[in-house]
Protein chains: 2
Amino acid sequence: MHKRLLLISSSRIHGQEYMAYCRQDILDFWGPVKELLFIPYAAFDQAAYTEMVRSRLEPFGFQIRGLNEVADPLAALAEAQGVFTGGGNTFLLVHTLYQTAVMAALRERVLAGMPYMGSSAGSNITCPTLKTTNDMPIIMPPSFETLGLVPFQINPHYLDPDPTSTHMGETRADRIREFHQLNSAPVVGLREGGLLRVEGDQMQLLGVSGVRLFRSGESPEEFAPGADLSFLLQA
Amino acid sequence: MHKRLLLISSSRIHGQEYMAYCRQDILDFWGPVKELLFIPYAAFDQAAYTEMVRSRLEPFGFQIRGLNEVADPLAALAEAQGVFTGGGNTFLLVHTLYQTAVMAALRERVLAGMPYMGSSAGSNITCPTLKTTNDMPIIMPPSFETLGLVPFQINPHYLDPDPTSTHMGETRADRIREFHQLNSAPVVGLREGGLLRVEGDQMQLLGVSGVRLFRSGESPEEFAPGADLSFLLQA
């Protein structure tokens with residue numbers, strides 16, 4: 001079985017319901033799989049988060065089981081048909097994935113072919129590290145290393161610099177340039193409305209927004225929805 | 001000797017030269033002290049950073065020595081009349097302060113009365129932790145704990161939510177609320193143009209911008225320049 005990932009920048013885009021803009025992409029990705037194990041670890045109230053996601057994805061035809069609702073998370077993961085990790089705070093998510101030992105077990109299952117869907121922080125953790133998150137470091141995880149299922153970094157909710165801004169803080173592009181002062185992995189600036197579908201050694205950009213690709217020492221490049229980004233899977 | 005701190009949100013505000021808006025506050029704070037030891041560790045090119053700061057602060061009457069220019073940073077720190085830490089990436093700054101053992105030595109000297117000025121990341125590190133930085137976690141420091149010279153957190157470059165935004169990512173206020181889910185220290189949202197002057201157990205807000213104070217479980221409060229914020233020094 002090859003590696004299968006659906007990496008969503010943002011569960012919502014402005015003016016639309018939860019996952020509405022990518023509903024068909026989600027249905028295509030999951031095909032006959034209808035039972036998803038949901039990881040709510042990026043949120044503080046895991047029970048409320050699982051309930052929200054259940055209420056939103058049941059109308060898509062999915063049954064949702066929350067990792068917070070099972071007695072043995074590792075056993076639930078071992079028998080899951082597919083996993084979805086929602087967004088929230090990336091530091092909290094990574095901290096909890098290590099604390100529960102779900103990090104290593106999840107990685108193993110996805111490498112063995114279990115399909116994985118992530119949104120925002122849940123997409124970020126498929127990268128080598130959390131180093132391109134936008135989130136506040138409200139808790140220190142034991143490591144910044146994450147699942148390493150792809151060899152590039154994602155910056156979710158990528159935001160273009162606002163030419164009218166009077167704010168002196170760094171733009172997102174400035175921050176990614178800082179990342180490249182110390183790190184070499186390419187960074188996919190995944191705008192809200194963009195999602196990446198990985199099938200083995202193939203990767204395509206789906207959704208309604210283009211991505212901006214930052215590579216160390218090179219000018220950023222733009223790619224439109226539908227683009228073949230498979231070259232980014234070759235580390 | 002009491003503790004003396006000048007904590008600046010941002011070295012520049014829109015349309016003005018480096019430190020122009022707070023020049024008089026800086027001169028008042030330093031008084032007869034004219035030799036500053038500059039810590040350029042938040043930048044990648046430390047030599048260029050020290051040169052830039054020297055060229056900007058010499059016209060104010062200061063002599064600048066960069067910690068990158070001395071053979072023995074700890075010896076230079078031991079004999080410094082005052083220290084200024086500039087902004088940049090907070091994770092890089094904290095990482096380097098630990099790596100060089102400057103963190104502990106600097107804390108000791110400031111607690112013993114040596115005046116300290118910080119801007120942006122340089123202000124952030126006077127707090128108990130780096131957990132309210134806006135910066136990208138491009139390198140993992142050995143700890144998120146910082147100088148702990150004040151018992152509250154600063155969020156530099158604090159930015160009010162933009163009511164016209166269509167972006168779905170968290171606002172700064174959302175992120176500070178997340179911080180308070182796991183941490184109890186008050187957070188001073190220090191807007192660009194605001195600076196805090198600490199003299200022993202007294203603290204005043206100076207500059208041209210108000211602050212927004214976030215306390216766990218309470219509604220945010222606003223304070224205008226000139227406000228007495230000494231109550232925040234009582235942990």
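In this predicted model, the side chains of Arg56(A) and Glu17(A) meet in a salt bridge, with 3D positions that put N and O 2.6 Å apart; a salt bridge here is a side-chain nitrogen of Lys or Arg within 4 Å of a carboxyl oxygen of Asp or Glu. This pair links distant parts of the chain, since Arg56(A) belongs to helix 2 (residues 46-57) of chain A and Glu17(A) to the loop between strand 1 (4-8) and helix 1 (23-30) of chain A, 39 residues apart. Helices (H or I, at least four residues) and strands (E, at least two) are DSSP runs, numbered from the N terminus.

Residues are numbered from 1 along each chain as its sequence is written, while chains are lettered from A in the order in which they are written. Local features need pLDDT of at least 70, side-chain atom pairs count only at pLDDT 80 or more, and totals for chains, interfaces and linings use all residues, with side-chain values taken from heavy atoms, leaving out hydrogens and water.

**Salt bridges**
- Over all chains, a search of the whole structure finds 28 salt bridges.
- Between chain A and chain B the count is two salt bridges, and the side chains of Asp135(B) and Arg175(A) meet in a salt bridge at 3.3 Å, N to O.

**The interface of chain A and chain B**
- The contact (heavy atoms within 4.5 Å) takes 42 residues from chain A and 42 residues from chain B.
- About 3,500 Å² is buried between the two chains, and carbon and sulfur atoms give 68% of this area; buried area is the accessible area (1.4 Å probe) that two parts lose on being put together, summed over both.
- Met136(A), Met140(A) and Met168(A) supply 20% of the area that chain A buries against chain B, which is more than any other three residues.
- Eight residue pairs, both residues at pLDDT 80 or more, are in polar contact across the interface; such a contact is a pair of N or O atoms within 3.5 Å, where within protein one must be able to donate a hydrogen and the other to accept it, and residues adjacent in sequence count only if both atoms are side-chain atoms.
- Helix 4 (90-99), strand 6 (153-158) and helix 7 (172-182) of chain A each supply at least two residues of the side of chain A that touches chain B, and helix 7 of chain A gives the most, with seven residues.

**The four-stranded sheet of chain A**
- An open sheet of four strands in chain A has the order 6-7-10-11, with mixed pairing, where two strands pair if DSSP finds at least two bridges between them.
- Strand 6 and strand 11 (221-223) of chain A stand at the edges with a single partner strand each, so one side of each is left without a neighbour in the sheet.
- Strand 10 (residues 211-214) and strand 11 of chain A pair in the antiparallel sense over three bridges, and Val211(A) stands opposite Phe223(A) in strand 11 of chain A.

**The seven-stranded sheet of chain B**
- An open sheet of seven strands in chain B has the order 3-2-4-5-1-8-9, with mixed pairing, and its edge strands are strand 3 (63-66) and strand 9 (202-207) of chain B.
- Strand 1 (residues 4-8) and strand 5 (residues 116-119) of chain B pair in the parallel sense over four bridges, and Leu7(B) stands opposite Gly118(B) in strand 5 of chain B.
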